[in-house]
Amino acid sequence: MNTPTPIFSEATTAASSGPRFTGEELAAINARLADLHPHQIVQWAYETFGAPDVKAGTGGLVMTSSFGADAMCTLHLATQVFPAIPVVVINTGYLFAETLAFMAEMQARFHLNIREFRTKNDPVTWLTIHGEPDPTVRNNVDACCGANKNEVMDRAMHTLAPAAWLRGVRADQSEARAKMQVVQWSPRNNCYAVSPILKWHSRDLFYYMKEHDLPHHPLWEKGYLSIGCNPLTCTRAIGAGDDARAGRWAGSEKKECGIHLDMGGGI
Ligand code: SF4
């Protein structure tokens with residue numbers, strides 16, 4: 001494991017017990033991180049929050065990954081600093097077979113410490129009970145995301161109780177994400193959310209992945225630039241010139257599954 005020489009003053013390995021920074025301190029941290037490379041932001045997060053407690057398996061820094069189109073960018077940035085970082089994967093029961101295969105391949109190649117959390121629901125039974133006759137369509141996406149994604153995310157964060165959580169959101173992906181800070185307190189998850197590539201654009205990810213010879217999700221080449229679950233109403237390929245996230249819940253107002261929002265698991 002790389003143990004970088006600390007260059008940031010917040011270094012500590014204490015587990016989460018509520019916000020450790022005042023609003024002023026957090027603003028100063030965000031100002032200081034604003035122009036740093038994502039690698040340095042990850043380094044700050046690791047120095048500040050440390051590794052989870054080995055015995056308890058809680059506290060410290062974790063990350064989430066959907067193993068989506070360009071997930072390897074954030075995974076590479078994180079594991080260059082903290083190779084054993086727990087990688088939380090939310091398995092809704094409706095992931096593409098290609099996503100599961102890609103995850104397994106990346107786990108073997110990069111020795112990823114994956115912590116997979118699954119929905120409590122049987123995927124077929126859930127559709128039947130909730131009046132969803134066509135598995136390629138979700139009529140009530142909020143109910144499905146609430147039961148099969150947000151509940152799982154809440155359970156994962158409650159189980160691991162990290163001090164901070166690295167995520168791969170970008171400001172240019174949605175209105176909600178444009179309002180995010182690189183480091184912000186998440187009351188819902190009782191930890192800090194750290195977004196090292198928040199200010200990057202898709203071209204920055206593309207060049208980083210090219211420089212480090214990192215693979216995209218196999219569906220990326222088929223026009224899937226943002227990849228979630230397999231119903232056509234949740235993820236579809238996009239055309240030339242479309243916004244990268246235009247294929248997510250296409251034709252509906254929904255822009256977020258909710259795991260990056262502090263609204264609770266019911267959305
Ligand atoms: S993205 Fe679609 S299939 Fe996945 S949990 Fe949400 S509504 Fe269900």
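Trainee: How much of the protein chain counts as buried?
Mentor: Of its 267 residues, 39% count as buried. A residue is buried if 20 or more other C-beta atoms lie within 10 Å of its own, exposed if 12 or fewer, and partly exposed in between, with C-beta atoms placed from the backbone. This is a predicted model, in which local features need pLDDT of at least 70 and side-chain atom pairs count only at pLDDT 80 or more, while totals for chains, interfaces and linings use all residues. Residues are numbered from 1 along each chain as its sequence is written.

Trainee: How many helices and strands does the protein chain have?
Mentor: The protein chain has eight helices and six strands. These are DSSP runs numbered from the N terminus, helices being H or I with at least four residues and strands E with at least two.

Trainee: And which residues touch the most others in the largest nonpolar core?
Mentor: Among the 51 residues of that core, they are Ala45, Leu61, Ala78, Ala164 and Val194. A nonpolar core is a set of buried Ala, Val, Leu, Ile, Met, Phe, Trp, Tyr and Cys residues joined through C-beta atoms within 7 Å. Helix H3 (residues 71-81) supplies the largest share of this core, seven residues.

Trainee: What is Val194 in contact with, beyond its neighbours within four places in sequence?
Mentor: Its partners are Ile41, Ala45, Ala164, Trp165, Leu166, Val182 and Val183. Two residues are in contact if their C-beta atoms, placed from the backbone, lie within 7 Å. Another core, of five residues, lies apart from the largest one and includes Tyr94, Leu95, Cys229 and Cys234.

Trainee: Turning to H2, is that helix mostly covered or mostly open?
Mentor: Mostly covered, with 10 of its 12 residues buried. Among the buried ones are Ile41, Trp44, Ala45 and Phe49. Their cover includes helix H1 (23-33), strand E1 (61-64), H3, strand E4 (164-166) and strand E6 (191-194).

Trainee: What follows H2?
Mentor: Glycine 50 does, and its phi is positive, near 70°.

Trainee: Now the ligand: which residues come nearest to it?
Mentor: Of the 13 residues around the ligand, Tyr94, Cys144, Cys145, Cys229 and Cys234 come nearest. A residue is near a molecule or strand if its C-beta atom, placed from the backbone, lies within 6 Å of it.

Trainee: How does that shell divide by residue type?
Mentor: Into eight nonpolar, three polar and two charged residues. Ala, Val, Leu, Ile, Met, Phe, Trp, Tyr, Cys and Pro count as nonpolar, Asp, Glu, Lys and Arg as charged, and the others, Gly among them, as polar.
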